[in-house]
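Keep the 3D view open as you read.

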Amino acid sequence: MIKKFDSPIFVTKPALPPLEEYTELLKQIWDTKVLTNNGPFHQQFEKALSEYLGIRYISLFSNGTLALITALQALRITGEVITTPFSFVATTHSLWWNNIKPVFADIEPVTFNLDPEKVEAAITPQTTAIMPVHVYGNPCNIEQFQHLADTYGLKLIYDAAHAFGVKINDESVLNFGDLSVLSFHATKVFNTIEGGAIICHDEKTKHRIDYLKNFGFADETTVIAPGINAKMNELQCAYGLLQLKYVDDYIEKRKSLSALYQKLLKETEGIRCLSEMNGVRHAYSYFPILVDKDKFGISRDDLYEKLKAHNIYGRRYFYPLISQFPSYRGLPSARKDNLPIAEKVADQVICLPIFPELTHENVNDICDIIKDK
Ligand SMILES: *Cc1c(COP(=O)(O)O)cnc(C)c1O
């Protein structure tokens, strides 16, 4: 019997910048008393993020969900939007908050991303947009989605909440589609405590997004639409600026933990890890494994409980599927026979702990517990 961990190990633990560096910036805020509304740190942070990510236009938000909701508003999306059931529930909620009917299509068996062929089959005259998710930061089939969007005249909005810093052949994954949305929630690779952003590709769209996140104000007396209040404040922007200095280090640490998990679990019968993709710079936001009960001997849920008994708290991302929640399960596209691959993956997946502070020794111990029968 392997010893259990003395203190709990959760699936993630946020990385924070050095406190001394942050208090220096807080002093500046206390001096100027500029707390929010596109202040100096906000402007600096947008500029620094654009440079780091290799993108042209970014608008900061108070969280990723409001950024998703606003992205749909910015493009005036209505009717039906085709999306994935295999995501965090906010992806579909953003449609609901816009009075849009979600249409679920199945995922691909290798990446667990929305399958473009299934999307094409789900298009109706009411379809106005596609909302795929780069699940675990693994890029979607970008070419095929663009082809569908062009062919059928649809907008393409990526939920890129897991894809901070992800690149394909040196190009940011955020540069594809009409808009991409990031989340900077505490649990993500890059956090501003809470936070999010929309990435767009022209100045006019950026202005519209910036107005919409500030009640619709274009200037003191012009309100262009019923906007929301979703601005990021100066304390978070200053914190985010510091995080940017350390994020490469965070990603490097995640990369080495991910490589160790791969090495230790590679030969374990009934456990499947996701492989890295060719030409992709990953951010290692999650470490999912699939448990095949017949080959591994115990089910995903049994493994989940066993890890818990050893003080290790994996998460079943994503289970249940969004399509199984009461708000959505009545939709025709939510039927289980429409989503066989998503259903199967949701029943087998568990995300193991991965965060910069986790040690190689921790990963060794976690894998010993998984393999000990
Ligand atoms: C975290 C997350 C969101 C929501 O972001 P918040 O900043 O927490 O509102 C949306 N979509 C996905 C896929 C996420 O993982």
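## The largest cavity

The lining of the largest cavity is made up of 7 nonpolar, 5 polar and 1 charged residues. Here Ala, Val, Leu, Ile, Met, Phe, Trp, Tyr, Cys and Pro count as nonpolar, Asp, Glu, Lys and Arg as charged, and the others, Gly among them, as polar. Among the 13 lining residues, Asn-138, Leu-274, His-282, Tyr-284 and Tyr-286 lie nearest the centre of this cavity. Helix H8 (234-265) and strand E15 (287-291) each supply at least two residues of its lining; helices (H or I, at least four residues) and strands (E, at least two) are DSSP runs, numbered from the N terminus.

The largest cavity holds about 170 Å³ of space. Such a volume is the space filled by probe spheres set on grid points, which are joined across faces, edges and corners. On a 1 Å grid over the protein atoms alone, a cavity is a set of points where a 1.4 Å probe fits but cannot get out, while a pocket is an open set with protein on both sides within 12 Å along at least five of seven lines; lining residues have an atom within 4 Å of a point.

## How to read the model

This is a predicted model, in which local features need pLDDT of at least 70 and side-chain atom pairs count only at pLDDT 80 or more, while totals for chains, interfaces and linings use all residues. Residues are numbered from 1 along each chain as its sequence is written, and side-chain values use heavy atoms, with hydrogens and water left out.

The whole structure has 3 cavities of 30 Å³ or more.

## The largest pocket and its ligand

The largest pocket has about 610 Å³ of space. Phe-88, Val-89, Lys-188, Tyr-317 and Phe-318 are the closest to its centre among 35 lining residues. The ligand takes up the space of this pocket (more than half of its atoms lie within 2 Å of the grid points).

Which residues come nearest the ligand? Of the 15 around it, they are Gly-64, Thr-65, Asp-159, Ser-183 and Lys-188, where near means a heavy atom within 4 Å. A polar side-chain atom of Thr-65 lies 2.6 Å from a ligand oxygen, and one of Ser-183 lies 2.7 Å from an oxygen atom of the ligand.

Notes
Polar contact = N/O pair within 3.5 Å; in protein donor to acceptor, adjacent residues only side chain to side chain.
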